[in-house]
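Hi everyone, thanks for coming. Please bring up the structure on your screens, and we'll walk through a strand and then a pocket.

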Amino acid sequence: MKLKLMSILILSCTLNNINAQAVKGSKSNFEKITLSNEFLSEGVATGDLNKDGKTDVIAGYYWFEAPNWTRHELYPSRVFNPRKEYSNSFLNLGMDVNNDGWTDVVLIDFPGLKSYWLENPKNKPGHWVRHVIADSMGISNESPGFVDIDGDGRMDILCGDPAKRQVVWLKAPGKGQTNWKRYPISDTAAPATNRFSHGIGYGDINMDGKKDIVIKEGWWEGPKDPKQPGWVFHKANLGEDCSHMLILDVDNDGLNDVVSASAHRLGIWWFKQTRDASGNIDFARTTASETVSQTHSNILADFNRDGQPDFVVGKRWLAHHDSNDPGTNDPAYLIWFESTPTKAPYWIEHEIDNDSGAGLNIAVDDVNKDKKPDIIIANKKGVFVFLNRQ
């Protein structure tokens with residue numbers, strides 16, 4: 001059901017004299033399950049950690065065992081104060097890192113710090129062994145991507161190296177190994193590599209069948225061999241600081257566009273790809289929504305199973321604690337956008353919840369095995385599962 005504008009709250013924000021509009025309306029049919037109301041992590045992931053055939057939820061150094069969501073500690077950690085602290089877990093991924101048949105946990109720490117993966121002990125008691133990723137390289141850009149860059153069917157990490165100021169991708173270890181291999185794609189002093197840079201994505205911009213890497217300053221053209229250095233960079237204006245940048249053909253014109261959302265301000269946009277008579281690529285921005293601010297993460301999924309890639313975003317509640325960021329005091333909305341590629345404005349906005357939002361990454365998985373994508377969230381408000389009842 002399309003989000004109806006039943007009432008509008010206009011909450012004044014002091015920064016830049018912006019008023020953020022929080023729209024309330026009819027909700028989509030998702031069932032909210034609260035796993036915790038404590039601030040454990042702003043990263044989240046899923047996986048069958050104990051091999052019982054059920055999908056468990058990972059939130060930082062904790063995991064919640066399905067179906068009763070019993071909480072277990074993976075590695076020594078604690079609860080954080082959402083109004084004063086950041087957590088030690090910004091993004092999470094569940095994957096079999098060392099190819100031993102058991103799901104491990106990848107954990108991206110505070111921007112610029114070294115990150116880790118936790119080795120599954122195969123149901124043995126005690127804490128998991130923690131391994132440093134990529135020889136203690138700090139991982140920069142606040143929206144690193146978990147994507148398969150070399151096409152081997154396993155997730156890699158797309159990020160910045162703040163020490164060498166390069167955009168790189170990190171390949172997961174082989175069987176029995178622990179360290180991730182680093183592949184630079186940019187020159188040094190590249191954009192999007194500062195510790196707190198925002199926005200990076202992966203997809204085929206120029207429609208040549210090879211995937212490219214996009215940032216808000218432009219895009220690197222993917223070569224035939226993604227392991228080669230020195231990808232060609234093309235400048236472009238793709239907006240302000242944003243969360244994950246999604247590559248898809250929004251308007252069904254045969255050209256891939258870029259969808260992004262404001263990390264710390266107000267707005268969700270898509271950048272339509274255009275080409276001149278010589279085939280030169282440019283982008284034109286269109287606002288998709290100004291319902292929610294601080295949309296610091298997003299992910300694609302086909303929520304209504306119509307074959308079209310929809311996406312979900314959420315407010316990162318207290319992103320900078322009690323700051324004057326636009327919309328700081330707005331409700332913590334979680335929203336999904338239904339793709340309508342043959343009919344402008346190409347997106348139908350649906351409210352899922354107004355008291356959760358999202359963290360630094362969102363997980364989508366079929367938690368209850370009903371063949372519908374569910375949404376999993378962890379942030380300063382807690383840990384939540386939204387079962388898709390549509």
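Let's start at one pair: Asn379 has Gly382, in β30, as its bridge partner. Before we go on, this is a predicted model, where local features need pLDDT of at least 70, side-chain atom pairs count only at pLDDT 80 or more, and totals for chains, interfaces and linings use all residues. Residues are numbered from 1 along each chain as its sequence is written, and side-chain values use heavy atoms, with hydrogens and water left out.

Strands here are DSSP runs of E, at least two residues long, numbered from the N terminus. A hairpin of two residues links β29 to β30, and the two strands run antiparallel, joined by five bridges. Two strands pair if DSSP finds at least two bridges between them. β29 also pairs with β28, again antiparallel, over three bridges; there, Ala363 is partnered with Ile376.

Now the largest pocket. A pocket is an open set of points on a 1 Å grid over the protein atoms alone, where a 1.4 Å probe fits, with protein on both sides within 12 Å along at least five of seven lines; lining residues have an atom within 4 Å of a point. The lining has 31 residues, and Gly145, Phe146, Val147, Met155 and Ile299 lie nearest the centre.

How values were computed: Helices (H or I, at least four residues) and strands (E, at least two) are DSSP runs, numbered from the N terminus.
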